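This report covers accessible surface, secondary structure, salt bridges and surface charge, in that order.

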Amino acid sequence: MMGASMGDLVNLKQFKKRAARERSEQEAAANRARFGRTRPERKLEEARTERARNLLDQHRIDGEDAS
């Protein structure tokens with residue numbers, strides 16, 4: 001009766017956890033692809049926008065002679 005053995009034992013709890021972890025990783029990868037930018041990239045873009053806004057405000061003419 002060689003080769004006619006039962007299958008390997010599987011801990012169902014560990015199997016479910018592993019499957020859930022893999023699904024979570026796939027969902028995270030999809031979200032990264034969809035939303036795309038990392039926190040440092042967002043901070044850099046925000047800093048560039050703020051700097052451009054400040055430079056524009058420095059060149060603004062205010063007061064009576066602005067008309």
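## Surface

The protein exposes about 7200 Å², and carbon and sulfur atoms supply 52% of that area (Shrake-Rupley method, 1.4 Å probe). Of its 67 residues, 0% count as buried (under 20% relative accessible area; exposed is over 50%, partly exposed in between).

This is a predicted model, in which local features need pLDDT of at least 70, side-chain atom pairs count only at pLDDT 80 or more, and totals for chains, interfaces and linings use all residues. Residues are numbered from 1 along each chain as its sequence is written, and side-chain values use heavy atoms, with hydrogens and water left out.

## Secondary structure

There are two helices and zero strands (DSSP runs: H or I of at least four residues for helices, E of at least two for strands). Helix H1 spans residues 12-35 and helix H2 spans residues 39-58.

## Salt bridges

The structure holds two salt bridges (a side-chain nitrogen of Lys or Arg within 4 Å of a carboxyl oxygen of Asp or Glu). One joins Arg53 to Glu50 at 2.7 Å, N to O. Both residues lie in helix H2, three residues apart, about one turn of the helix. Arg53 is partly exposed at 43% relative accessibility, as is Glu50 at 37%.

Another pairs Arg60 with Asp57 at 3.4 Å, N to O. Arg60 is exposed, because its relative accessible area is 51%, while Asp57 at 39% counts as partly exposed.

## Positive patch

Lys13, Lys17, Arg18 and Arg21 form a positive surface patch (residues with over 30% relative accessible area and no salt bridge, like charges joined within 9 Å). Lys13 lies in helix H1 and is exposed, at 60% relative accessibility.

Note on methods. Patch = residues over 30% accessible without salt bridge, like charges linked within 9 Å, V, L, I, M, F, W, Y side chains within 5 Å. Lys, Arg positive; Asp, Glu negative; His and termini not counted. Charge placed at Lys NZ, Arg CZ, Asp CG, Glu CD. Buried < 20%, exposed > 50% of the residue type's maximum accessible area, 1.4 Å probe, protein only.
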